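Work through the exercises below with the sequence and the 3D view open. Try each task before reading its solution.

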Amino acid sequence: MVRLVVTGTPGVGKTTVAIELSKAYDAPVVDINEIIRPVLKWDPELQTSLVIDEVKARELIREDLGGAGSYIIDTVAINLIDKSLIDWCIVLRLDPRQVMDRLLKRNWPRCKIVENVLAEVVGSPPLNLAIDVFGRDRVIEVDTTNKDAHEVANHIVNQLTVGVPVIGVVDWLDTLDTDFILNLSRELDDCLAQ
């Protein structure tokens, strides 16, 4: 039995990797948004669905997954998942320049792209949340840069076989051009000023 959640900033490949892990473990990919649909509300300004009742969302997830065997979840909303329902949390990371390219191809609003790319630059939102929710001993951080989904899934399967958490393998601040980061920061300031 394997119960995994795959998370990370938008654009890092969560869904694609979750599908590959699903094949490797012969486990279904669970769509959390389908489970919590009754408590989701679309926000046209943010262009995303917002959870309007987190308590009810957690309850719906517990009810749906409580008796299930193996499953793979891909979501950014890991704070809604009770840690007793997850064996390992996989945090995917991707070079922020590649995240930007992927999100630009999705035609997202520029401010939303900048916000998510900066989140990947510092890496703290998804990784820190994973550690807070599931504990350091159940988190595996994976750099997906220049790797295809099958390669990433194989790496994760190998890490899970070893059973050792991996945290702190990625630090984009050491590899990115300072001007890239400063320009993004200025863009975010402009977005927030609007």
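The exercises that follow concern a predicted model.

**Exercise 1. Check the length of helix α7 and find which of its residues are buried.**

Solution.
- Step 1: Helix α7 covers residues 149-162, which is 14 residues. At 1.5 Å a residue, α7 should span 20 Å. The end C-alpha atoms of α7 are 20 Å apart, so the two values agree.
- Step 2: The buried residues of α7 are Ala-149, Val-152, Ala-153, Ile-156, Val-157, Gln-159 and Leu-160. They cover an arc of only 165° around the axis, so they sit on the same side of α7.
- Step 3: Residues three or four places apart in an α-helix point the same way, because there are 3.6 residues a turn.
- Step 4: Turn to the other side of α7. Thr-161 and Val-162 are exposed there.
- Step 5: Look for the packing partners. The buried residues of α7 pack against β1 (3-7), α1 (14-25), β6 (88-93) and β7 (139-143).

**Exercise 2. Describe what happens at the N-terminal end of α7 and just after the helix.**

Solution.
- Step 1: The N-terminal end of α7 is capped by Asp-148. A side-chain oxygen of Asp-148 lies 3.1 Å from the backbone nitrogen of His-150.
- Step 2: Just after α7 comes Gly-163, with a positive phi of about 75°.

**Exercise 3. Repeat the analysis for helix α3.**

Solution.
- Step 1: Helix α3 runs over residues 54-65 and has 12 residues. From first C-alpha to last, α3 reaches 16 Å, close to the 16 Å expected at 1.5 Å a residue.
- Step 2: Ala-57, Leu-60, Ile-61 and Leu-65 are the buried residues of α3. Their arc around the axis is only 110°, which puts them on the same side of α3.
- Step 3: The face turned away from that buried side carries exposed Val-55 and Glu-63.
- Step 4: The cover over the buried residues of α3 includes β2 (29-30), α2, β4 and β5 (71-74).
- Step 5: Asp-53 caps the N-terminal end of α3. Its side-chain oxygen lies 3.2 Å from the backbone nitrogen of Val-55.

**Exercise 4. Which residues lie closest to the centre of the largest pocket, and which elements line it?**

Solution.
- Step 1: The volume of the largest pocket is about 1,500 Å³.
- Step 2: Of its 46 lining residues, Pro-10, Thr-48, Val-76, Lys-112 and Asn-116 are the closest to the centre.
- Step 3: Two or more lining residues come from each of α1, α2 (32-35), β4 (48-51), α5 (110-122), α6 (124-134) and α8 (178-193). The largest share, five residues, comes from α5.
- Step 4: Now take Asn-116, which lies in α5. Its relative accessible area is 13%, so Asn-116 is buried. Beyond its neighbours within four places in sequence, Asn-116 is in contact with Thr-9, Pro-10, Leu-103 and Trp-108.

**Exercise 5. Is Asp-43 buried or exposed?**

Solution.
- Step 1: Asp-43 belongs to strand β3 (residues 40-43).
- Step 2: The relative accessibility of Asp-43 is 18%. Buried means under 20%. Asp-43 therefore counts as buried.
- Step 3: Leaving aside neighbours within four places in sequence, Asp-43 is in contact with Thr-48 and Leu-50.

**Exercise 6. Where are Asp-26 and Asn-107 found?**

Solution.
- Step 1: Asp-26 sits in the loop between α1 and β2. Asn-107 is in the loop between α4 (96-105) and α5.
- Step 2: Most residues other than glycine have a negative phi. Asp-26 has a positive phi of about 50°. Phi of Asn-107 is also positive, near 60°.
- Step 3: Asp-26 counts as exposed at 72% relative accessibility. Asn-107 counts as exposed at 67%.

Notes. Residues numbered from 1 in each chain as written. Predicted model: local features only at pLDDT ≥ 70, side-chain atom pairs only at ≥ 80, totals over all residues. Heavy atoms only, no water. Helix = DSSP H or I, 4+ residues; strand = E, 2+ residues; numbered from the N terminus. Expected span 1.5 Å × (residues − 1). Buried < 20%, exposed > 50% of the residue type's maximum accessible area, 1.4 Å probe, protein only. Arc of directions from axis to C-beta. Contact = heavy atoms within 4.5 Å. Polar contact = N/O pair within 3.5 Å; in protein donor to acceptor, adjacent residues only side chain to side chain. 1 Å grid on protein atoms, 1.4 Å probe; cavity = no way out; pocket = protein on both sides within 12 Å on 5 of 7 lines; lining within 4 Å. Points joined across faces, edges and corners; volume = space filled by probe spheres on them.
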